[in-house]
Amino acid sequence: MTAPFVLAVVSLKGGVGKSTTAVNLAVAAALDDRQSALMDLNWNQQTTTHWWNRRTTTPPHLVDLSAMSATDITTGLDVARANGCDYIVLDCPPDGGSVVEQAITCANFVLIPCPPSFIDVEAAAGTSQLTARVGRKGGFVVTKSRVQGRGEEAGRALASSYKLPVAPVVITELIIYQDSMAMGQGVLEYSGDAATTHKARKQISRLYDWINQRIAKKDALT
Ligand SMILES: Nc1ncnc2c1ncn2[C@@H]1O[C@H](COP(=O)(O)OP(=O)(O)OP(=O)(O)O)[C@@H](O)[C@H]1O
Ligand SMILES: [Mg+2]
């Protein structure tokens with residue numbers, strides 16, 4: 001049995017778009033014929049668990065650690081692997097505690113969502129350092145960008161400030177990300193108005209492809 005790919009979506013800062021990004025990437029993987037699964041590690045909010053409960057279709061599957069009375073992520077990964085899951089997305093809480101450190105340790109890739117404001121870019125230092133300390137591959141994606149050009153500008157600031165690559169796609173602030181979450185869907189499944197749907201779908205597809213390319217790359221940790 002081959003080990004599943006584990007993607008940890010991490011930020012020490014709250015509200016940056018971790019859960020929104022995590023569920024959309026898990027849906028992208030499912031539509032790419034992967035047996036994808038989500039593990040909701042934000043036990044206080046359970047955004048991903050609530051989203052999954054609103055769904056009418058699977059995958060992505062949900063790996064419910066509370067149902068297993070488990071606090072150890074590796075238990076959840078073992079269950080997911082035994083059920084044939086090969087793409088597992090860990091939606092982390094907004095801190096750098098032991099659960100997040102464990103998630104990073106289990107991950108093949110650490111994705112750090114970061115909105116384009118100065119204070120968000122500044123706060124990304126802690127997440128970047130934690131990823132480096134644990135020694136995992138990772139990268140940033142600029143999220144919730146409202147003003148045209150600001151996302152790209154923040155991407156350049158992240159690239160020059162930290163030793164991690166930045167996804168060549170900016171996730172913009174679009175109502176479809178919120179509406180699809182409300183319906184228990186990803187933007188690749190949900191249809192809003194044509195122009196926004198197309199825009200959001202392109203963003204998530206490009207992010208999903210970029211992560212696949214990064215993990216295929218045999219480069220050193222950056
Ligand atoms: N691209 C986007 N466009 C519009 N709204 C967004 C986008 N991404 C996230 N949001 C909104 O921003 C808020 C925070 O998003 P989300 O819950 O995904 O962040 P989070 O990092 O998981 O938060 P927490 O740290 O509390 O777990 C939510 O209201 C969500 O709907
Ligand atoms: Mg969240």
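Which residues does Thr127 touch, not counting residues up to four places away in sequence? Thr127 touches Val10, Ser11, Leu12 and Ile112. The model described here is predicted. The protein has eight helices and six strands, and ligand 1 has 19 residues around it.

**Overall fold**

- A compact globule of 222 residues would have a radius of gyration near 17 Å, and the value of 16 Å for the protein agrees with that.
- Taken along the principal axes, the box filled by the C-alpha atoms is roughly 45 × 45 × 35 Å.
- Of the 222 residues in the protein, 45% are buried.
- Among contacts between residues at least 6 apart in sequence, 75% join residues at least 24 apart.

**Around ligand 1**

- Which of the 19 residues around ligand 1 come nearest? They are Gly14, Lys18, Ser19, Thr20 and Pro94.
- Helix 1, residues 18-31, supplies at least two residues of the shell around ligand 1, and so does helix 7, residues 175-182.
- By type, the shell around ligand 1 holds six nonpolar, ten polar and three charged residues.

**Helix 3 and helix 4**

- Two packed helices are described by the angle between their axes and the distance between the axes.
- Helix 3 covers residues 73-82 and helix 4 covers residues 98-106; their axes come within 10 Å and cross at roughly 40 degrees.
- Angles under 35 degrees count as roughly parallel and those of 65 to 115 as roughly perpendicular, so helix 3 and helix 4 are oblique to each other.
- Helix 3 contributes Ile73, Thr74 and Leu77 to the contact, while helix 4 contributes Gln102, Ala103 and Cys106.
- The residues of this contact between helix 3 and helix 4 are four nonpolar and two polar, with no charged ones.

- A residue is buried if 20 or more other C-beta atoms lie within 10 Å of its own.
- Thr127 belongs to helix 5, residues 118-134, and is buried because it has 27 C-beta neighbours inside 10 Å.
- Thr127 and Asp95 are 32 residues apart in sequence, and their C-alpha atoms are 8.9 Å apart in space.
- Tyr177 is part of helix 7, and its 25 C-beta neighbours inside 10 Å make it buried.
- Leaving aside neighbours within four places in sequence, Tyr177 is in contact with Thr20, Val187 and Ala200. Thr20 is also one of the residues that come nearest to ligand 1.
- Tyr177 and Gly17 are 160 residues apart along the chain, with 9.8 Å between their C-alpha atoms.
- Gly151 sits in helix 6 and is buried, with 22 other C-beta atoms within 10 Å.
- Leaving aside neighbours within four places in sequence, the contacts of Gly151 are Pro116, Val142, Ser145, Val170 and Thr172.
- From Gly151 to Ile171 the C-alpha distance is 8.1 Å, and the two residues are 20 apart in sequence.

- Most residues other than glycine have a negative phi, and most peptide bonds are trans.
- What kind of peptide bond joins Thr58 and Pro59? The bond is cis, and omega is about -5 degrees.
- Pro59 and Pro60 are also joined by a cis peptide bond, with omega about 0 degrees.
- Pro59 lies in the loop between helix 2 (47-53) and strand 3 (61-62), and Pro60 is in the loop between helix 2 and strand 3 as well.
- Gln46 is not a glycine, yet its phi is positive, about 55 degrees.
- The place of Gln46 is the loop between strand 2 (36-40) and helix 2.
- Is Gln46 buried or partly exposed? Gln46 counts as partly exposed because it has 16 C-beta neighbours inside 10 Å.
- Lys144, also not a glycine, has a positive phi of about 55 degrees.
- Lys144 is in the loop between strand 6 (138-142) and helix 6 (150-161).
- Lys144 is buried, since 22 other C-beta atoms lie within 10 Å.

Definitions and conventions. Residues are numbered from 1 along each chain as its sequence is written. Chains are lettered from A and ligands numbered from 1 in the order in which they are written. This is a predicted model: local features need pLDDT of at least 70, side-chain atom pairs count only at pLDDT 80 or more; totals for chains, interfaces and linings use all residues. A residue is near a molecule or strand if its C-beta atom, placed from the backbone, lies within 6 Å of it. Helices (H or I, at least four residues) and strands (E, at least two) are DSSP runs, numbered from the N terminus. Ala, Val, Leu, Ile, Met, Phe, Trp, Tyr, Cys and Pro count as nonpolar, Asp, Glu, Lys and Arg as charged, and the others, Gly among them, as polar. The radius of gyration is taken over C-alpha atoms; the globule rule is 2.2 Å times the number of residues to the power 0.38. A residue is buried if 20 or more other C-beta atoms lie within 10 Å of its own, exposed if 12 or fewer, and partly exposed in between; C-beta atoms are placed from the backbone. Two residues are in contact if their C-beta atoms, placed from the backbone, lie within 7 Å. Axes are lines fitted to C-alpha atoms, for helices over the stretch in contact, and angles run from 0 to 180 degrees between N-to-C directions. Angles under 35 degrees count as roughly parallel, over 145 as roughly antiparallel, 65 to 115 as roughly perpendicular and the rest as oblique.
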